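Subject: Structure for you to look over

Dear colleague,

Here is the structure I said I would pass on. My notes on its sheets, a helix pair and its pockets follow below.

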Amino acid sequence: DFLHIMGWGDFSSAAGVALNVDNALGVPAVWSAVNFISGTLASLPLEVHRRTDTGYQRVRDGVGAWLDRAVNPTLSSFAWRKYIFEQVLTGGRSVTLIVRNGAGVVTDLVPLDTANLHVYETNENGFAGRGYRARTQVYSASEVIDLTFMLKHNQIDIRGPIMHHKDIIGMAIGATRYASKAFQSGGIPPAVLQGPFQSGAAAQRASEDVAQATARLAREGRPVMALPSGHELKAVGFSPEDMQLIELQKFCVEQIARIYSLPPVFLQDLSTGTFSNVEQQDIHYVKHTLRRWIEQTEQEMNLKLFGRESDYEVRFNVDSLLRGDLKTRMEAHATAIQNGIKTPNEVREKEGMEPLPAGDNLMIQGATLPI
């Protein structure tokens, strides 16, 4: 029961499949969705900024120096973020311990195993809160970064995407298993043999002979089998075509895309993709899928790392998504410089280039003059 509450363990699906996180990840659409979202979020630069009287300034010391590189001496920031988002997108929750030194300064982040973590309700200063018990260790909510896919009404237990959609994912697993068995038998559905059998033993021997002959024909690729006079072989199962197995698998991909708020094109389903709508789906992915996870993670980290009244805040740099699109990136830089939004050196810093001696001045086009 505890593993079920935490999003782990086995779940019985309506398709008769015992479902858990491991065999759910055996569904290519689930595997692709989890890796696609977690990999994208892990690849975004994670920066720390400080609010000043004149705007925001990037912090390059303390937490800002290591948060985007390595969250502890043995774990890179990319590996940590990919792991925590994989846990959220499968079991439904990830919890990371915040390690502080004697002065209360954050020094490390350590992900906890949520399969062995118990979350319970507490009361802190008159407010309902959460406590976290990992075997013999107990932590308060302020000591951990807690990311969830969806909370239940008590704000303690979770609704994980795999356990909550076990039937559709179980259907995808069942369809794959059925297709594998169909190919194993040469695509021949189960059949019944009718004939003038004199006894049950004779019927059993005839059935075994036909099964062996069918298997041999499937291996040899021969489509014709001879039966003795008076015998008839009738199919009692459905062929993959009759079951619309391909259509069923496409339907499962679409449903899994809906679970993760992903356009199907990102699960390699290009059946309805065109040059124009694929670009729009790319925008949809950033605006409606990534933004939700980015906002949730930023606010949870800001609250737990710096507190409610701090001038410091964590930011994901979404501009890096254009890293592979040189043309669009350069056009955006040129527009920012020509309209006095960024200095040349600010742009050069983003591109990993050395600053110019006179590159710290804001510029603007001078060709527009009054008549």
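A helix axis here is a line fitted to the C-alpha atoms over the stretch in contact, and angles between N-to-C directions run from 0 to 180 degrees. Please keep in mind that this is a predicted model.

Helix pair

Two packed helices are described by the angle between their axes and the distance between the axes. For α3 and α5, the axes come within 8 Å and cross at roughly 145°. The crossing of α3 past α5 is right-handed. On the α3 side, the residues in contact include Val34, Ile37, Leu41 and Ala42, and they meet a set in α5 that includes Phe78, Phe85 and Leu89. By class, this contact has seven nonpolar, five polar and three charged residues; Arg81, Lys82 and Glu86 of α5 are among its members.

Sheet β8-β7-β12

Three strands make an open sheet in the order β8-β7-β12, paired antiparallel. Its edge strands are β8 (106–112) and β12 (144–148), each of which pairs on one side only. From one strand to the next the twist averages 20°. Helix α5 (residues 77–90) packs on this sheet and touches β7, β8 and β12, its direction making about 140° with that of β7. Between β7 (residues 93–100) and β8 there are six bridges, in the antiparallel sense, and Leu97 stands opposite Val110 in β8.

Sheet β4-β3-β15

A further open sheet of three strands has the order β4-β3-β15, again with antiparallel pairing. Because β4 and β15 (312–316) are at the edges with a single partner strand each, one side of each is left without a neighbour in the sheet. Direction ignored, neighbouring strands of this sheet are turned by 40° against each other on average. The antiparallel pairing of β3 with β15 runs over five bridges; the partner of His49 is Glu313 in β15.

Hairpin β9-β10

β9 and β10 run antiparallel and are joined by eight bridges, with Glu121 opposite Arg130 in β10. The hairpin has two residues between the strands, and Asn125 takes a positive phi near 55° in it.

The largest pocket has a volume of about 970 Å³. Its lining counts 29 residues, and those nearest the centre are Glu47, Asn317, Asp319, Glu346 and Lys350. Two or more lining residues come from each of α3 (28–43), β3 (46–52), β4 (55–59), α5, α11 (326–338) and α12 (344–350). The helix α11 gives the most, with four residues. By class, the lining of this pocket has nine nonpolar, six polar and 14 charged residues.

The second largest pocket holds about 640 Å³ of space. It is lined by 21 residues, of which Ala128, Gly129, Ala141, Leu303 and Lys304 are the closest to its centre. At least two lining residues are supplied by each of β9 (117–124), β10 (127–134), β12 and α10 (275–306). The largest share, five residues, comes from β10. Eight nonpolar, six polar and seven charged residues make up this lining.

Regards

Key
Residues are numbered from 1 along each chain as its sequence is written. This is a predicted model: local features need pLDDT of at least 70, side-chain atom pairs count only at pLDDT 80 or more; totals for chains, interfaces and linings use all residues. Side-chain values use heavy atoms; hydrogens and water are left out. Two strands pair if DSSP finds at least two bridges between them. Contact means heavy atoms within 4.5 Å. On a 1 Å grid over the protein atoms alone, a cavity is a set of points where a 1.4 Å probe fits but cannot get out, and a pocket is an open set with protein on both sides within 12 Å along at least five of seven lines; lining residues have an atom within 4 Å of a point. Grid points are joined across faces, edges and corners, and a volume is the space filled by probe spheres set on the points. Ala, Val, Leu, Ile, Met, Phe, Trp, Tyr, Cys and Pro count as nonpolar, Asp, Glu, Lys and Arg as charged, and the others, Gly among them, as polar. A crossing is left-handed if the near helix is turned anticlockwise from the far one by less than a right angle, and right-handed if clockwise.
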